[in-house]
Amino acid sequence: MTYHTDFFALAEQLITAGRFIDSKGWVPATSGNFSARLPNGTIAITVSGKHKGCLQQDDIMLIDADAIPLDGKTPSAETELHTALYKRYPDVHAILHPHSMTATLASRLFKTEVILQDYELLKALPGIKTHDTCISIPIFANDQNIPRLAAQVDNYIDQHGDILAYIIAGHGLYTWGHSVQHALRYLEALDFLLLCELHLHGVKL
């Protein structure tokens, strides 16, 4: 298959993001998955079963907007969670999903949602201009039926309005942005804020 130059540029950005995320200890073993949307609507996404801190260009593949592989490789089992978010948010062009300890423990402690309020670092997130802000990070039960889980996320957004991220219980965090760099910034801010909440509730890491 012949890839467009846009694919190679985004693949390099995902590889770089993977190294940074791995340096934080957020993608142990082969956990996590990352993606970025090309201008033509196709999606570059990590191949299943690859260590995200050691990604090579061949570990990034191409799918269409309906999660169908375009190059014969096998994408992450959670690919439809990515495509569902891209369909809902036309301005989103990157999605990052690590398995950090902070998100995993937060899901055990808070059960249904994490409330983040009155933190200066909230201003690192899109559309937030003041610390005097309250946002909810919903937590969804883990489910091996990915289309059903994607539908639950969609239904939640339909009922509660747009969200900036969500957590899968016992699993990890999903967040997204206009670019890989933006999504990485949001991820770093959210992990710090989740860590603050864990410490406030007596969790020692």
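The legends below describe close-up views of a predicted model.

**View 1. The surroundings of His 171.**
His 171 sits in the loop that joins strand 7 (165–168) to strand 8 (172–177). Its relative accessible area is 9%, so His 171 is buried. Beyond the neighbours within four places in sequence, His 171 is in contact with Glu 78, His 97, His 99, Thr 104 and Asn 142. With Asn 142 there is a polar contact, side chain to side chain, at 3.4 Å.

**View 2**
Strand 5 covers residues 113–117. In a regular strand, side chains alternate between the two faces of the sheet. Which residues of strand 5 lie on the covered face, and which on the uncovered one? Val 114 and Leu 116 are on the covered face. Glu 113, Ile 115 and Gln 117 make up the uncovered face. Strand 5 pairs with strand 6 (residues 134–140) in the antiparallel sense, over 5 bridges. Within strand 6, Ile 137 stands opposite Val 114.

**View 2. Aromatic pairs.**
The count of aromatic pairs comes to 9. One of them is Tyr 3 with Phe 7, which is stacked: the ring centres are 4.2 Å apart and the planes are 15 degrees apart. Tyr 3 and Phe 7 are both buried. Phe 140 and Tyr 156 form an edge-to-face pair, with 5.6 Å centre to centre and 90 degrees between the planes. This pair links distant parts of the chain, with Phe 140 in strand 6 and Tyr 156 in helix 4 (residues 146–160), 16 residues apart. Both Phe 140 and Tyr 156 are buried. Ring pairs also link a cluster made of Tyr 89, Phe 140, Tyr 156, Tyr 166, Tyr 174 and Trp 176.

Helix 2 spans residues 79–88. How many of its 10 residues are buried? The number is 7, so helix 2 is largely enclosed by the rest of the structure. The buried residues are Thr 79, Leu 81, His 82, Thr 83, Ala 84, Leu 85 and Tyr 86.

At 1.5 Å a residue, the 15 residues of helix 4 should span 21 Å. The end C-alpha atoms are 21 Å apart, which agrees. Buried here are Ile 146, Leu 149, Ala 150, Val 153, Tyr 156 and Ile 157. These residues lie on the same side of helix 4, because they cover an arc of only 120 degrees around the axis. An α-helix has 3.6 residues a turn, so residues three or four places apart point the same way. The buried residues of helix 4 pack against helix 2, strand 6 and strand 7. On the face turned away from the buried side, helix 4 carries the exposed residues Asp 158 and Gln 159.

**View 3. The two ends of helix 4.**
Which residue caps the N-terminal end of helix 4? The cap is Asn 145. A side-chain oxygen of Asn 145 lies 3.0 Å from the backbone nitrogen of Arg 148. Just after helix 4 comes Gly 161, with a positive phi of about 95 degrees.

Terms used:
Residues numbered from 1 in each chain as written. Predicted model: local features only at pLDDT ≥ 70, side-chain atom pairs only at ≥ 80, totals over all residues. Heavy atoms only, no water. Helix = DSSP H or I, 4+ residues; strand = E, 2+ residues; numbered from the N terminus. Buried < 20%, exposed > 50% of the residue type's maximum accessible area, 1.4 Å probe, protein only. Contact = heavy atoms within 4.5 Å. Polar contact = N/O pair within 3.5 Å; in protein donor to acceptor, adjacent residues only side chain to side chain. Pairing = 2+ DSSP bridges. Phe/Tyr/Trp six-rings, centres within 6.5 Å; stacked < 30°, edge-to-face > 60°. Expected span 1.5 Å × (residues − 1). Arc of directions from axis to C-beta.
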